[in-house]
Amino acid sequence: MTTTAPESRGRARRGAPMSSAGLYLATSVAALLFLVPFYLLVRNALSTDPEITGEDWKFFPGHIQWGNITEPFDDPTVDFGRSMWNSLVVGVLHTAGTLVVCSLAGYALARIPYRHADKVFYAVLVTLMVPAAVTFVPSFVLVSSLGWVDSYRGLIVPGLFSGFTCFLFRQYFLGFPKELEEAARVDGLGYWGAYWRVVVPNSLNFFAAIATITFISGWNAFLWPLVIGQDPSAWTVQVALSSYMTNQTVNYHLIFMATAISILPLLFVFLFLQRWLVQGIAQTGIKG
């Protein structure tokens, strides 16, 4: 016996709530799993070392150690406040410089007619295949010869260009409406004028998404700041965190508290720009 159309629609309506409930359940489970590391971070940051390493596990410490919050800033061996400031300066300037350099390069590769544009683009893609360890020593020798060790210039300038970010900008600008740029040229604007007055104001979502990813990457950088920031006054927050672990002692609650404080700027940036982050990634032009 064949199923009539009304019966099929009825089954579809009955199945819809069940599928929605399953989706919500799966999303809730995924959200809880995502929050577990943050729970452990906060729990251990407000505990004592015996409570962290003890066999008797408690969901939350019996006596919350609120004094742990100021301990990273009171530590005489590490200027944690200075390292946070260094990371903030490096993150902001690195992000701004990367947006300018890579967006201009991506726009030029996407819009300016040039006989060797494809070859230049392929050369940019080749840089993605070169391991960072290969260019690490030459970059350090160059930075050292310029006298940029223990300076913001040495921490920021070598990483301003990113082949992957340039690729993302090129892909995005290829899908940008040409009609808007043609209208700008009718008004007498050149490539720079069209880029600055038309393209950038209409691409803020994408710029915000790239800025979020770049800032998080710059904030979490460790190896290059470790080598360049040889003086403690030039340490970034990641280098400062590594100094809490030595061969002799490991101050667990101090590490967890300093880590919890160090991720607060990242959480603020992500929560503030998350809407633009999702929209910008969707506009990259990369399709599966």
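**Exercise 1.** Which exposed residues does the face of α5 turned away from its buried side carry?

*Solution.* This is a predicted model, in which local features need pLDDT of at least 70, side-chain atom pairs count only at pLDDT 80 or more, and totals for chains, interfaces and linings use all residues. Residues are numbered from 1 along each chain as its sequence is written, and side-chain values use heavy atoms, with hydrogens and water left out.

Step 1. Find the buried side: in helix α5 (residues 117–127), Ala-117, Phe-121 and Val-124 are buried (under 20% relative accessible area, with exposed over 50% and partly exposed in between; 1.4 Å probe, protein chains only). Helices are DSSP runs of H or I, at least four residues, numbered from the N terminus.

Step 2. Look down the axis of α5: the buried residues fall within an arc of 55°, so they line one face of the helix. The arc is that of the directions from the helix axis to the C-beta atoms.

Step 3. Turn to the face away from that side: Lys-119 and Tyr-122 are its exposed residues.

**Exercise 2.** Describe how α8 and α11 cross.

*Solution.* Step 1. The axes of α8 (residues 163–174) and α11 (residues 204–220) come within 12 Å and cross at roughly 165°. Axes are lines fitted to C-alpha atoms over the stretch in contact, and angles run from 0 to 180 degrees between N-to-C directions.

Step 2. α8 is therefore roughly antiparallel to α11 (angles over 145 degrees).

Step 3. On the α11 side, the contact (heavy atoms within 4.5 Å) is made by Phe-206, Phe-207 and Ile-210. Residues of α8 in it include Thr-165 and Leu-168.

Conventions. Helix = DSSP H or I, 4+ residues; strand = E, 2+ residues; numbered from the N terminus. Parallel < 35°, antiparallel > 145°, perpendicular 65-115°, else oblique.
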